[in-house]
Amino acid sequence: MTSTEEAESGSSRPDEPIIVAMGASAGGVRALQTFFSAIPADTGAAFVVVVHLDPDRHSELPAILQQRTGMSVVQVKGRQKLNANCVYVIPPDRRLEMVDHEITAVAFDEPHGKRSPIDQFFRSVADRLGDGFAVIMSGAGSDGVVGVRAVKESGGIILVQDPAEAEYHSMPRSAMATGVVDVVLPVRELAVRLADLIRLKRGSVSIDEAPVDEEAVRRVLAHVRVRTGHDFSKYKRSTVLRRIARRMQVTRTDELTEYYDFLRDNADESAALLADLLISVTTFFRDNDAYEAMRKMALPHLFDERDPSDVLRIWACGCATGEEAYSIAMLLLEEAGRHDLRPPIQVFASDLDARALSTAREGRYPAAIEADVSEDRLRRFFNKEGDGYRVRQELRDVVLFAHHDLLKDPPFSRVELISCRNVMIYLDRELQEQVCSTFNYALNPGGYLLLGSSETADHPPGLFRTLDRNARLYQSVVKAGEKPRLLPRLLGPIRVREQIAPIGITTTPAAALNDAMAHRRALERVAPPSILVDEGHRVIHLSDSAGRFLQPSGGALTGDVVDLVRTELRFELRSALHRLFEQQLPSLSLPIPVRFNGKAHRVLLQVKSAENGDTGEPRQAVVMFVEGEEVDETVGRSDEHSNDETVRRLTQELELTQSRLRTVREESDAANEELRAANEELQSINEEYRSTSEELETSKEELQSINEELQTVNSELKLKLEAISRAHSDLQNLMAATDFGTLFLDSSLRIKRFTERATELFSITPSDEGRPITDFAHQLQYDDLIKDARAVLTDLAPIRREMKSRSGKWYDVRFRPYRTVDDKIDGVVITFVDISERRQVEDQLRESERQLRELKKK
């Protein structure tokens, strides 16, 4: 039994509280306060609150929540039993884990910043308890995404705060993006709905104990088949009933007949039930021991002695959201790196759920995958994107995703390895055998099959041998060069096994086998020769003496019984098989002359169904050959001479009719052959179309990604442009506000920018920007101006001079290197500060001092 089955079957017992797992982060405290204010204190459930806390600070969350609810609120310390009508809060720097109906706080294995406490607790609830409730509230990031999918897979119900109401909507939106959310409401309405769901769950009877209205179940499944095209009538009954019961809780319907009415009146409910039945949930390297066994026992042999041009084809069936397919692709790429010659690798990943395939194609997963994927693989095969990861192109190019129905569609052929984990457990025994036969047909000789922990490839017997029983790793027993296998009949059983009621006689297995063999030999001696065929006219089994009536046509050998029997019997046999399979009528032919060793014998053909008459349309037939006495040809000839003209005419007409029938049959055979060839070509074109569609989907994703990147770059450029505009405005205002001249020159002493006051000394205009300063005369009595500017560029040392203009004004001239933000020298900045007043004051002071000294001398 898988963890999913264990969780579903191990749902809350009457004496145990229902578990409500709640996750929140930024903005979550306010949402939790509102929630516990609105929900009754006597629901009978145990609420476990997991939030992101500062690992170094004491949490006051229990006291905060206690003010809003009449339930007891405690912080989890150590291991303790969960009680109804209690609230349990995560402590700082710890994660919570479920063990049966006890909760414990344990230390984190991951460093701070890489922790996902909500995902870890939700997955623990799903693995241990199953069908509880998971609630996601306000928070940043995507913690809880993996957890809600695990809870949904185990039969739980997912509720999410309306992102429009959430203070931080990232966590609610991420949970909704998984497609597994059942209820999205504002917090107060969410609390009311949850209380209602808990009441319905506590009042419901276990699906294994309650009487089931089989007619209502049949009508529900028939409606789903009509609306979605998927038939679940042969899926495991207990699983189907549990999924229907879960939807009944969500839709608040008490009886199957009520739910059928709701299903019929609400078009979206068929898709919701289909999503529940498909269970498109998985994780990377799920059951790591199985992947390790495959890596050691199967993958190395796939690369041994392989032609480098021969594509290595792998099929991941039931891939859900792609984690399993990508896991296998990672192992293949790692194994390819250990070999000198690397063949092309193609992993076909198929599933029924189109929404899950869309997620798989996108290849983007939450940060919680860090718990399942090693650090080395994260670095090699993933790119960090925001708060999640996206698969690298190297890995994405290996996997081709396709919508495929394992029970209806032809399988991917000529594959070396098939992984189909936790799919067959949901099918009944008959479909499990069909799937195993399909896999055996699709695999190359000696190919490998990996199944789930509760699945087996032992039936039908003789198809696979076990390599590792614990890992459920099998290998095809077909060897290279053996007769090609026939594709099993899809949407039906491969064969009908004889079921013999046990007789109350105690015998050993060996004695029973001997008795059966003796009985069979006696039947072979007494019974007429016979052949067992299916509804496609293919031979399933021959009796020992049936070979006398076979005479295959020339050319390639086929399995069609009509092409294998003697020529004289073919027309009558084809008609009899058609009558049985199309009209359900057995037949016994008139005597047919058949030549054996040159002598004609009368042979009667009897065709009957191989099944009981109450099983519906026959799927297998028994063809029996009853051989009569030898035909006396001498008597026939004398009788022929005695026939009158009417008999001869009727004989000629009969021969002509038979000739025409033979012609029609040959034309029909040729047309059928052409149709088979056309069908094969269409299948090939269909596969190419799928491949092209996948490539187009990938191109679309790449274009979308590029578009998003361009939008991001465009936004950044807009921000930079705004910053530059502001800086330019600031610079213009700064230059206008300064009351001195400034001249900006580049490294070639060309004018880059100048202030208005600089035009008093240089005859320059804005149109002169870019011209050398040496082209312009200036008003200063300063012949070394250009020389000093070049000296600053060379020595990078500032220069300061006081110079007089030709108009008699004095200027403080300063030269400084122009430094960029990268600390590179890209020119010279020259400032001209008018110091005429200062010089005039200094001259007056000197004159006053001179006059004062003269007065003192007198």
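## A salt bridge within one helix

Arg218 and Glu215 are three residues apart in helix H8 (residues 214-228), so about one helical turn separates them. Helices here are DSSP runs of H or I with at least four residues, strands are runs of E with at least two, and both are numbered from the N terminus. The two side chains form a salt bridge, with the closest N and O atoms 2.5 Å apart. A salt bridge means a side-chain nitrogen of Lys or Arg within 4 Å of a carboxyl oxygen of Asp or Glu. Side chains of opposite charge can pair when their charged atoms come close.

Arg218 counts as partly exposed because its relative accessibility is 48%. Glu215 is also partly exposed, at 40%. The classes are set by relative accessible area: buried is under 20%, exposed is over 50%, and partly exposed lies in between (1.4 Å probe, protein chains only).

## About the model

This is a predicted model, where local features need pLDDT of at least 70, side-chain atom pairs count only at pLDDT 80 or more, and totals for chains, interfaces and linings use all residues. Residues are numbered from 1 along each chain as its sequence is written, and side-chain values use heavy atoms, leaving out hydrogens and water.

How many salt bridges does the structure hold? There are 40. Another one joins Arg838 and Glu842, at 3.2 Å from N to O. These residues sit four apart in helix H25 (residues 836-857), so they too are separated by about one helical turn. Arg838 is partly exposed, with a relative accessible area of 34%. Glu842 is partly exposed as well, at 28%.

Asp182 and Lys152 also meet in a salt bridge, 3.5 Å from N to O. This pair links distant parts of the chain, 30 residues apart. Asp182 lies in the loop between helix H6 (170-177) and strand S10 (183-185), while Lys152 belongs to helix H5 (residues 145-153). Buried or exposed? Both Asp182 and Lys152 are buried. They are part of a salt-bridge network with Arg247 and Glu269.

## A buried arginine without a salt bridge

Arg472 sits in the loop between strand S19 (464-468) and strand S20 (473-476). Arg472 is buried, yet has no salt bridge. The nearest side chain of opposite charge is Asp468, 7.1 Å away. For charge, Lys and Arg count as positive and Asp and Glu as negative; His and the chain ends are not counted.

What does Arg472 touch, leaving aside residues up to four places away in sequence? Its contacts are Leu449, Leu450, Leu451, Gly452, Ser453 and Glu455. Contact means heavy atoms within 4.5 Å.

## The parallel sheet

Seven strands make an open sheet with parallel pairing, in the order S3-S5-S2-S1-S8-S9-S10. Strand S3 (72-75) and S10 are the edge strands, each pairing on one side only. From one strand to the next, the twist averages 20 degrees. Two strands pair if DSSP finds at least two bridges between them.

Within this sheet, strand S8 (residues 133-136) and strand S9 (residues 157-161) pair over four bridges. Phe133 stands opposite Ile157 in S9. Helix H4 (residues 117-128) lies across strand S1 (18-24), strand S2 (45-51) and S8. H4 runs at about 165 degrees to S1. Such angles run from 0 to 180 degrees between N-to-C directions, and axes are lines fitted to C-alpha atoms, for helices over the stretch in contact.

## Antiparallel pairs

Strand S7 (residues 102-106) pairs with strand S4 (residues 79-81) in the antiparallel sense over three bridges. Here Arg79 stands opposite Thr104. S7 also pairs antiparallel with strand S6 (residues 95-99), over five bridges. In this pair, Arg95 has Val106 as its bridge partner. The hairpin of S6 and S7 has two residues between the strands, and Asp100 takes a positive phi near 55 degrees.

## Helix packing

Helix H12 (residues 288-297) packs against helix H14 (residues 323-336) at an angle of about 35 degrees, with axes 11 Å apart. Tyr291, Met294 and Arg295 in H12 meet Glu324, Ser327, Ile328, Leu331 and Glu335 in H14.

Helix H11 (residues 267-278) has several buried residues, among them Glu269, Leu273 and Leu277. Their cover includes H5, H8, helix H9 (237-251), helix H10 (256-265) and helix H15 (354-362).
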